[in-house]
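This report describes a predicted model.

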Amino acid sequence: MIWKWLGALLLFPVQMVYLVVKAAVCTVLPPKLRDLAGDNVLITGGGRGIGRHLAREFAKRGARKIILWGRTEKCLKETTEEIRMMGTECHYFICDVGNREEVYQQAKAVREKVIVTSHLHFLQVGDITILVNNAAVVHGKSLMDSDDDALLKSQHINTLGQFWTTKAFLPRMLELQNGHIVCLNSVLALSAIPGAIDYCTSKASSFAFMESLTLGLLDCPGVNATTVLPFHTSTEMFQGMRIRFPNLFPPLKPETVARRTVEAVQMNQAFLLLPWTMRVLVILKSILPQAALEEIHKFSGSYTCMNTFKGRT
């Protein structure tokens, strides 16, 4: 037994070096991309913002079917029609992911509903092989200025919604040994700011959920997970948010976030920080004292960036 433990102890650093070198090589020589031709993709919050761009990107890269979930039918219908114009089969369902029973009900409808096309052919949506948890809301106020119901809404949609959607679709993915769970998170999960306490808290919880899920899937062949943590993105959701040096740290374009997200899925990348410079933030948080971090927040303008917030809640 002691020799077994000693062997494992000696082998461990060799494995670490191998994995680091492998990751470096993959950065220079990206692995073969996943073919999306056989995938049915479901995107929550798919009617607008990053969700709409994700639908476009998956369609552009050859996904078989795209299913959109959201709360606003007008936006869902517009996006669905756009994706169909691109030549990809697309359907939408009204669903509030913060409502557990509604999620389970609509998940069943996605699997079972038969749709009659204009050519009178009957099509069944079928099994979801890529689930993109993108739906999110932000209240945009301090704790004492926040309404209790608004705080609960953020937690239900941004965090608990992922529990319900994942529980609804993951079992079949495990059975098929084919699936991918994607989370559109935020860099605010790693570095919170004032004025968005509901959003930061829910995203930190969501990040922990995805970390645990990713590790839990290690022994599940064919089923993987990807978490994307983008910097401030120029959508109506965070309209009015201002940082001190916008030329140095410009907001990301939603189409860029969508493109990099789909690429990460195709490359089976577990975690993606956008832009790559956000890695510096993670390192600084681990080595600098709290007082220094507070000065960075003040200097960069993130301390007051939500003072001008007037986005969609």
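## Helices on the sheet

Helix α5 lies across β1 (40–44), β2 (65–70), β6 (130–133), β7 and β8, and runs at about 170 degrees to β6. Helix α6 (residues 197–216) also packs on the sheet, where it touches β7, β8 and β9. The direction of α6 makes about 150 degrees with that of β8.

## The sheet

The sheet is open and consists of seven strands in the order β3-β2-β1-β6-β7-β8-β9, with parallel pairing. Its edge strands are β3 (89–94) and β9 (271–274), each of which pairs on one side only. From one strand to the next, the twist averages 15 degrees.

Within the sheet, strand β7 (residues 179–184) and strand β8 (residues 223–230) are joined in the parallel sense by six bridges. His 180 stands opposite Asn 224 in β8.

## The α4–α5 pair

Helix α4 (residues 100–112) and helix α5 (residues 148–176) have axes that come within 9 Å and cross at roughly 30 degrees. Angles under 35 degrees count as roughly parallel, and α4 and α5 are therefore roughly parallel to each other. The crossing of α4 past α5 is right-handed.

On the α4 side, the contact is made by Arg 100, Val 103, Tyr 104, Ala 107 and Arg 111. The α5 side contributes Trp 164, Thr 165, Lys 167, Ala 168 and Phe 169. By type, the residues of this contact of α4 with α5 divide into six nonpolar, one polar and three charged.

## Backbone exceptions

Most residues other than glycine have a negative phi, and most peptide bonds are trans. Which peptide bond is cis, with omega near -10 degrees? The bond in question runs from Leu 274 to Pro 275. Pro 275 is placed in the loop between β9 and α8 (278–287).

Gln 177 is not a glycine, yet has a positive phi of about 55 degrees. Gln 177 lies in the loop between α5 and β7, and its relative accessible area is 48%, so this residue is partly exposed.

Asn 268, although not a glycine, likewise has a positive phi of about 55 degrees. The loop between α7 (254–266) and β9 holds Asn 268. With a relative accessible area of 40%, Asn 268 is partly exposed.

Technical notes
Residues are numbered from 1 along each chain as its sequence is written. This is a predicted model: local features need pLDDT of at least 70, side-chain atom pairs count only at pLDDT 80 or more; totals for chains, interfaces and linings use all residues. Side-chain values use heavy atoms; hydrogens and water are left out. Axes are lines fitted to C-alpha atoms, for helices over the stretch in contact, and angles run from 0 to 180 degrees between N-to-C directions. Helices (H or I, at least four residues) and strands (E, at least two) are DSSP runs, numbered from the N terminus. Angles under 35 degrees count as roughly parallel, over 145 as roughly antiparallel, 65 to 115 as roughly perpendicular and the rest as oblique. A crossing is left-handed if the near helix is turned anticlockwise from the far one by less than a right angle, and right-handed if clockwise. Contact means heavy atoms within 4.5 Å. Ala, Val, Leu, Ile, Met, Phe, Trp, Tyr, Cys and Pro count as nonpolar, Asp, Glu, Lys and Arg as charged, and the others, Gly among them, as polar. Two strands pair if DSSP finds at least two bridges between them. Buried means under 20% relative accessible area, exposed over 50%, partly exposed in between (1.4 Å probe, protein chains only).
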